[in-house]
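Hi everyone, thanks for coming. Today I'd like to walk you through one protein chain, a piece at a time.

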Amino acid sequence: MQRWQRLGAWSTVGALVFALGFGLGRETDGTLELDWRDGEGHVGKRMMSIEHDGWTYGTEGAVPMWIDTRGSWHDGGWPDCLEPGTTAVRFAAAPTTYVEDMGQRPIIAVDCRGTRPAAD
């Protein structure tokens with residue numbers, strides 16, 4: 001029985017270390033280390049496309065990460081600030097992937113705290 005207790009204790013310690021490391025790696029000054037962009041989003045029911053710098057970025061169903069208007073992070077789901085219509089959106093996208101010679105630029109994060117001027 002002690003073997004299982006040690007295994008459970010080490011699993012708990014491992015999970016805590018992973019969570020702490022993930023949190024520290026993910027946030028430094030309250031912002032995620034991503035390449036944030038600002039664009040005009042065309043939002044439908046759990047669908048969005050954004051044109052920025054000659055590219056079209058998109059998401060459907062859910063956004064992997066988002067920040068609500070109070071600055072709290074959410075893992076997955078649909079950002080509560082995205083209502084159907086056209087709106088200014090601060091977002092981050094994954095690197096371009098190619099499928100059958102077509103480039104895809106999926107949106108991986110949305111910041112509902114508002115848009116900010118692009119950093120130079």
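Let's start with Cys-81 and Cys-112, which form a disulfide with their sulfur atoms 2.0 Å apart; the term is used for a pair of cysteine sulfur atoms within 2.5 Å. This pair links distant parts of the chain, 31 residues apart: Cys-81 sits in the loop between β5 (73-75) and β6 (85-93), and Cys-112 in the segment after β9 (107-111). The torsion about their S-S bond is about -65°, so the disulfide is left-handed. A search of the whole structure finds one disulfide.

A quick word on what you're looking at. This is a predicted model, where local features need pLDDT of at least 70 and side-chain atom pairs count only at pLDDT 80 or more, while totals for chains, interfaces and linings use all residues. Residues are numbered from 1 along each chain as its sequence is written, and side-chain values use heavy atoms, with hydrogens and water left out.

Now the overall layout. The chain has one helix and nine strands; these are DSSP runs numbered from the N terminus, helices being H or I with at least four residues and strands E with at least two. Buried residues make up 28% of the 120 residues, where buried means under 20% relative accessible area, exposed over 50%, and partly exposed in between, with a 1.4 Å probe and protein chains only. Back at our cysteines, Cys-112 is buried at 9%, whereas Cys-81 is partly exposed at 28%.

Next, charges. Which residues are linked in a network of salt bridges? They are Asp-38, Arg-90, Asp-111 and Arg-113. A salt bridge here is a side-chain nitrogen of Lys or Arg within 4 Å of a carboxyl oxygen of Asp or Glu. Asp-111 pairs with Arg-90, the closest N and O atoms being 3.7 Å apart. That pair also links distant parts of the chain, with Arg-90 in strand β6 and Asp-111 in strand β9, 21 residues apart. Asp-111 forms a salt bridge with Arg-113 too, at 2.9 Å between the closest N and O atoms. Asp-111 is buried, at 4% relative accessibility, while Arg-113 is partly exposed at 31%.

Arg-105 is buried yet has no salt bridge; the nearest side chain of opposite charge, Asp-53, is 7.6 Å away. (Lys and Arg count as positive, Asp and Glu as negative; His and the chain ends are not counted.)
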